[in-house]
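Please look over the chain below.

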Amino acid sequence: PRILLVVDDGGLRARYEMTLRFSGFQPVSISSSERFDQPPRGVIAACLLTDHRTDVSAIYSTLLAWAIPVVRIDPFIRHPRQHLPFDVVLPATSEPRRLISALRQLMPSGRHPS
């Protein structure tokens with residue numbers, strides 16, 4: 001299964017890509033400034049990590065319109081109600097297994113990547 005990965009920091013992106021690949025997912029990385037008309041083929045969920053200076057509302061609304069589940073990794077989690085549009089919100093300090101667990105739960109019929 002393919003996961004759209006939106007992480008602007010190169011070092012963090014590499015770590016998330018490695019974690020996803022090790023867990024059987026195929027990351028499709030883009031920057032928060034990229035625009036696209038259709039979801040990349042086969043993407044079943046999106047993982048977004050950006051700082052609060054970056055406006056990613058266009059990506060959020062596009063993913064929500066396509067009904068692609070979104071995991072938001074937020075370095076500044078405050079009140080959960082601020083994150084209502086997202087399917088899962090994790091702190092940036094989360095262990096990788098929390099991200100993988102969340103992605104597996106979002107997969108159609110709960111199937112695990114092999």
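Which element gives the most to the lining of the largest pocket? Helix H1 does, with five residues. The model is a predicted one.

## The largest pocket

The pocket holds about 200 Å³ of space. Its lining counts 13 residues. Arg15, Tyr16, Thr19, Ser94 and Pro96 are the ones nearest the centre.

H1 leads with its five. Sorted by class, the lining of the largest pocket has nine nonpolar residues, two polar ones and two charged ones.

## Fold

The chain has three helices and five strands. Their order along the sequence is β-α-β-β-α-β-β-α.

How much of the contact set with a separation of 6 or more comes from residues 24 or more positions apart? Such pairs account for 55% of those contacts in the chain.

## Burial and surface

The chain is 114 residues long, and 39% of them are buried. Burial here means under 20% relative accessible area.

Definitions and conventions:
Residues numbered from 1 in each chain as written. Predicted model: local features only at pLDDT ≥ 70, side-chain atom pairs only at ≥ 80, totals over all residues. Heavy atoms only, no water. 1 Å grid on protein atoms, 1.4 Å probe; cavity = no way out; pocket = protein on both sides within 12 Å on 5 of 7 lines; lining within 4 Å. Points joined across faces, edges and corners; volume = space filled by probe spheres on them. Helix = DSSP H or I, 4+ residues; strand = E, 2+ residues; numbered from the N terminus. Nonpolar A, V, L, I, M, F, W, Y, C, P; charged D, E, K, R; others polar. Buried < 20%, exposed > 50% of the residue type's maximum accessible area, 1.4 Å probe, protein only. Contact = heavy atoms within 4.5 Å.
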